[in-house]
Amino acid sequence: MTEKPKRGSAGAPVGRRAMLGMLGAGAAGLAAAPWLQRGWEDFLAAASQVDATGLTGLLPDPGGFRYYSVVGSVPRRDETNYALRVTGLVERARSYTLDQLRAMPQTRVVHDVVCTDGWRVEKTPFDGVRLADILDDAGVRSPGAAVRFTCFDGAYSESLTLEQARRSDVLVALNMQDGPISHEHGGPVRLYVAPMYFYKSAKWLSGISVTDKVVPGYWEERGYAVDGWLDDADRHGGAA
């Protein structure tokens, strides 16, 4: 809103905090009705795509997730026009279609999703291709030491060290919560880095590039930690 609400004869106007509270109470009741919950989630997802203020990210969601984008709108990709390109310090540059990614061996990782804003969705299943398998398919060559990720929203990026990228709980994810990843959740393909905060799990993944050093991602350039480990993460292990 660009104007403050005016006081009328009916009493004081409803403030933003009160409005969010009422919406929160209503959203809590949706948890008992799965079809209403899906409708609320669809509303939040659609609203977030055109919300320049970020306020939709404050609204509660019975499913636990919040919806964020760093750009005003994101083009949609599907089987007809999606490609994941692997470039940089590799022996064999690759380009994968959705069907090719689905045909590769799939790995399932179940882990809590945790955002720096404080929300958490416990025991969330993701399925997809281990990033290590894609790197092995392309063949990392010297002096490759890190991996940079780019996205088809045209703005977002992320990075991992090569050691982090080779963990068994780091996926090029195709499914989430036992279904294809929706556009609003970063589909059809997103990165999933289970032991790190969710900003490391780049949505709308379109590019993987092997680099000689870590290149700070979108949020790292704005003050976030380059290594976004969760507090309880096993930083030297290979599984969630």
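How many of the 240 residues of the protein count as buried? The figure is 46%. Keep in mind that this is a predicted model.

First, the overall picture. The secondary structure comes to five helices and ten strands. The protein exposes about 12,400 Å², and carbon and sulfur atoms supply 52% of that area. Now take the contacts between residues at least 6 apart in sequence: 64% of them join residues at least 24 apart.

Where is Met104 placed? It sits in the loop between helix 3, residues 98–103, and strand 3, residues 107–114. Is Met104 buried or exposed? Its relative accessible area is 17%, so Met104 is buried, the cut-off being under 20%. Setting aside residues up to four places away in sequence, Met104 touches Tyr96, Val129 and Ile134. There is also a distance to report for Arg130, which is 26 residues from Met104 along the chain: their C-alpha atoms are separated by 9.4 Å.

The second residue is Gln164. It belongs to helix 5, which covers residues 162–165. Gln164 has 8% relative accessibility and therefore counts as buried as well, by the cut-off of under 20%.

What does the side chain of Gln164 reach at 3.1 Å? That is the backbone nitrogen of Thr161. The side chain of Gln164 also makes a polar contact with the side chain of Asp227, at 3.0 Å.

To recap, Met104 is a buried loop residue, and Gln164 is a buried residue in helix 5.

Note on methods: Residues are numbered from 1 along each chain as its sequence is written. This is a predicted model: local features need pLDDT of at least 70, side-chain atom pairs count only at pLDDT 80 or more; totals for chains, interfaces and linings use all residues. Side-chain values use heavy atoms; hydrogens and water are left out. Helices (H or I, at least four residues) and strands (E, at least two) are DSSP runs, numbered from the N terminus. Buried means under 20% relative accessible area, exposed over 50%, partly exposed in between (1.4 Å probe, protein chains only). Contact means heavy atoms within 4.5 Å. Accessible areas come from the Shrake-Rupley method with a 1.4 Å probe; for residues, only the protein chains shown count as cover. A polar contact is a pair of N or O atoms within 3.5 Å; within protein, one must be able to donate a hydrogen and the other to accept it, and residues adjacent in sequence count only if both atoms are side-chain atoms.
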